[in-house]
2 protein chains.
Amino acid sequence: MHLVRDPDAETALTFLQESLKGLQDGRGQVLQVVGDCRVSYQGRAQSTLLRGERLVLLKPDGTLLIHTSAKAKPINWQPPGAQFHAALEEGEVALTAYRPKPEEMVKIVFHRIDLLLAFPLHDAADLALIGSEDDLQRILFENPDLVEAGFVPQRRERDSKRGFYDLDGRDATGRRLIVEVKRTTAGVQEAQQLWRYVEGLDSARGILIAPSVAPKARALLASHNLSWKELDWNEILPRIEHMRRGGQTGLERYG
Amino acid sequence: MHLVRDPDAETALTFLQESLKGLQDGRGQVLQVVGDCRVSYQGRAQSTLLRGERLVLLKPDGTLLIHTSAKAKPINWQPPGAQFHAALEEGEVALTAYRPKPEEMVKIVFHRIDLLLAFPLHDAADLALIGSEDDLQRILFENPDLVEAGFVPQRRERDSKRGFYDLDGRDATGRRLIVEVKRTTAGVQEAQQLWRYVEGLDSARGILIAPSVAPKARALLASHNLSWKELDWNEILPRIEHMRRGGQTGLERYG
DNA sequence: CGTTAGATGTCGGTT
DNA sequence: AACCGACGTCTAACG
């Protein structure tokens, strides 16, 4: 790990250029700069940010993050794929992150640098996430009564001419039933999506499954004779864990 | 700025607890830990992440970020509002971030700590962004010919029973025209939204304005007699800058 | 508070 | 490469 505190501009430039060389070579170092800077962005939109103290991260995959002392999202950033470049501009250190597609550039000019840091971050682990919409779909497919008594599922994730829908099958009477699944509160958008699927079919029913359904969405569903059902994740999560364990999906106990 | 390299667990714990005290008191220090850790999350969903080297940031507003060496998004996180706590667990440093609403918790257990860092990030600057959908709407309102020759805009951002639409007015023949605006490529969803607005009205036309319109969206628009127009941001951005400058919106030149 | 719609969304999958 | 939809989306605005 390389570390420099309160470097002057020339020292910082040397450090950054050396580190960027290593970063490009795939040695996988993360580069960090803390200091007083101003930022400009031009690309899908454009922005300027006047002087202030920020934390800047450059990842070996070409990700740039500029964080202030608040909020989860960076104030400025560049997604993976950017090329970094450091230079001196009128005595100040200028750091650019250029991304060709879409063409966009973030430029940081440092008025003062408090800290330079370069360190490796080796990580072979994958995130094991439980509770995605896909999980929910799977559980509903395996436990169709959670959708509706007598529901017989047939397919998941079918492409239809009007778009995708999540699940379909036959209800207790043998009538076609389209199921729209949402892992969080369902809004008008999801209700509209279901409506769109169902109206394009002949005499099919539609049902929206979500932990909660927003008032406007309910109104829309009701006015188009669509059903909905709220379910509790607390009822679902154990089933997913059980399924994963049974299926040897390799979710180890965390400890 | 406080900095410790390769601390043992007890040193790290003391550092973290001291720093967290300051962080809670509103002194506004950002706390950073680099090291080998495992992470678990439980809340809106749940996840586990086995050992690996990561960069952990704790912001004074209660934001937690856990970054690996790739991607723009953190592998785990907590949005603003979390309460941090540090403790020893079987000789290892455990850091938790608890958020009451929605109730969720991230727990990090460090097997090894390479770096501890606490530093202030003072920042009074606001991001000046050009190119939002709101900007686009405003420009279309002020330059209605960009929508369609002879268009006379009347209202922006009206709430309708079917949702919101962006702009409406009268076309050259006096017929009502609903305008849907998107700052990026418009897809089926946006076309669908416009269709829903327009079909609920009597003899109104609809037009979708976006930098590009996806094929499926075009098909849907065409089949429902809706119009669309692709516009170039390069044509719009200068107008916005001009408008802002004229309107004294205070977007200074960056330099 | 909850609800809603925008975002430089980011990201992964599929055509 | 473009298109499409999920996301622990996050975030600001509004009722």
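How many of the 14 residues of strand 2 of chain A are buried? What you see here is a predicted model.

Chain A has 255 residues, and 51% of them are buried. The chain contains 14 strands and 5 helices. Its radius of gyration is 26 Å, while the globule rule gives 18 Å for 255 residues, so chain A is more spread out than a compact globule. Along the principal axes, the C-alpha trace spans about 80 × 40 × 30 Å.

Next, contacts and surface. Taking the contacts in chain A with a separation of 6 or more, 53% are between residues 24 or more positions apart. The chain exposes about 11,900 Å², and carbon and sulfur atoms supply 49% of that area. As for charge, chain A has 34 positive and 36 negative charges, and their mean positions lie 5 Å apart.

Back to the opening question. Strand 2 covers residues 29-42 of chain A, and 13 of its 14 residues are buried, so the strand is largely enclosed by the rest of the structure.

Which strands does strand 2 of chain A pair with? One is strand 8, residues 104-120 of chain A, which runs antiparallel to strand 2 and is joined to it by 14 bridges. In this pairing, Tyr41(A) stands opposite Val106(A). Another is strand 3, residues 46-58 of chain A, also paired in the antiparallel sense, over 11 bridges. Here Val34(A) stands opposite Leu55(A). Strands 2 and 3 of chain A form a hairpin, with 3 residues between them.

Key:
Residues are numbered from 1 along each chain as its sequence is written. Chains are lettered from A and ligands numbered from 1 in the order in which they are written. This is a predicted model: local features need pLDDT of at least 70, side-chain atom pairs count only at pLDDT 80 or more; totals for chains, interfaces and linings use all residues. Side-chain values use heavy atoms; hydrogens and water are left out. Helices (H or I, at least four residues) and strands (E, at least two) are DSSP runs, numbered from the N terminus. The radius of gyration is taken over C-alpha atoms; the globule rule is 2.2 Å times the number of residues to the power 0.38. Buried means under 20% relative accessible area, exposed over 50%, partly exposed in between (1.4 Å probe, protein chains only). Contact means heavy atoms within 4.5 Å. Accessible areas come from the Shrake-Rupley method with a 1.4 Å probe; for residues, only the protein chains shown count as cover. Lys and Arg count as positive and Asp and Glu as negative; His and the chain ends are not counted. The place of a charge is taken as NZ of Lys, CZ of Arg, CG of Asp or CD of Glu. Two strands pair if DSSP finds at least two bridges between them.
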